Amino acid sequence: MPTQTKIERLSTGVPEIDEMISGGIPRGFFVAVTGEPGTGKTILCIHFMAEGMRVRDLCIYVTTEESRQSILNQASQFGIDFGKGIEDGKVIVIDSLMGTDEQWSLKSLDMEELVNKIIEAKKTLGYGRARVCIDSLSAFWLDRPAMARRYSYFIKKVLAKWDFTVFTTSQYAITTSDAFGFGVEHIADGIIRFRRAVRNGMLRRYLLIEKMRQTPHSLNLHEISICDGKGIVVLGPVQERKEDFGLPRRVTERIIESQKEKESELP
Ligand SMILES: Nc1ncnc2c1ncn2[C@@H]1O[C@H](COP(=O)(O)OP(=O)(O)OP(=O)(O)O)[C@@H](O)[C@H]1O
Ligand SMILES: [Mg+2]
């Protein structure tokens, strides 16, 4: 039997999530962080960056739906000071919401502009292991959903050359739940899937490792909590049926069919 290559893994910043994936994300992976609104995607990205700062990785955060200030404020609620990382030249937050003229701003949601800006940020930060969060990547294909896969492939390919370990968030429509499996998910090396449900009148959040290449990982759905001052806390594994989250099968199938039709119409 060939000897197994030892894989270098990066902590996500949430110890219980690291445990679910044999210690962390393999270096250089392109990981999709997916889920409905308000489920914890941005907060997981913040943990991933904060851990990067702690271990002196270079960190690049692209924010499309919130301003840079909003990300800084959110992080500060969990005791994370990105401002310090920015001052020390270890962190760059690229803001594509405000559309200003300053250096670390994207004027439009254009894929090439995004990639060029990330590379410019890496050159500015200098030599060393780097983490990138793109929050969210799906914002770049909002008006062209059928391009999701092509865009995802393009960005993964370019960033791979730069030795980045990437977290990229993408949203799931509330109405269609898990029907959008045609974009980033197939291209990603890993999928961390957030979910939500209302149980006995309470909003509950869950996390499932749906994919992590080269990794024996947990197959259990875990309930999580987002706590002030702390961030994501994993409460433990739960038993839920898929039907508890998804739409009736017939509806899901129709959505999938219409997605496929749209893709096949592409040149
Ligand atoms: N300081 C805090 N204390 C407790 N809960 C908080 C705190 N800050 C945020 N939250 C919770 O986290 C949620 C937001 O999580 P997050 O921003 O990670 O969602 P998301 O998955 O990125 O959503 P979207 O797709 O809309 O961007 C809030 O709706 C709130 O419930
Ligand atoms: Mg978010």
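## The shell around ligand 1

In this predicted model, helix 2 (41-54) and strand 10 each supply at least two residues of the shell around ligand 1, and helix 2 gives the most, with three residues. The ligand is surrounded by 14 residues, of which P37, K41, T42, I43 and D228 are the closest.

## Strand 10 and its partners

Strand 10 (residues 221-227), which contributes to that shell, pairs in the antiparallel sense with strand 9 (residues 202-212) over three bridges, and in this pairing Y206 stands opposite E223. Strand 10 also pairs with strand 11 (residues 231-238), again in the antiparallel sense, over seven bridges, with I224 standing opposite V234.

The hairpin of strand 10 and strand 11 has three residues between the strands, and G229 takes a positive phi near 85 degrees there.

Q77 lies in the loop between helix 3 (68-76) and helix 4 (82-87), and although Q77 and G231 are 154 residues apart in sequence, their C-alpha atoms are 8.2 Å apart in space.

Helix 5 (residues 111-125) has 15 residues and reaches 21 Å from its first C-alpha to its last, close to the 21 Å expected at 1.5 Å a residue. Its buried residues are L114, K117, I118, A121 and K122. They cover an arc of only 140 degrees around the axis, so they are on the same side of helix 5. This pattern can be read against a general rule: an α-helix has 3.6 residues a turn, so residues three or four places apart point the same way.

What covers the buried residues of helix 5 includes strand 4 (58-63), strand 5 (91-95), strand 6 (130-135) and helix 6 (148-160), while the face turned away from the buried side carries the exposed residues E112 and K123. Just after helix 5, G126 takes a positive phi of about 100 degrees.

## The fold as a whole

The secondary structure of the protein comes to eight helices and 11 strands, and buried residues make up 37% of its 267 residues. Among the contacts with a separation of 6 or more, 68% are accounted for by residues 24 or more positions apart.

Conventions
Residues numbered from 1 in each chain as written. Chains lettered and ligands numbered in written order. Predicted model: local features only at pLDDT ≥ 70, side-chain atom pairs only at ≥ 80, totals over all residues. Pairing = 2+ DSSP bridges. Helix = DSSP H or I, 4+ residues; strand = E, 2+ residues; numbered from the N terminus. Near = placed C-beta within 6 Å. Buried ≥ 20, exposed ≤ 12 C-beta atoms within 10 Å, placed from the backbone. Contact = placed C-beta atoms within 7 Å. Expected span 1.5 Å × (residues − 1). Arc of directions from axis to C-beta.
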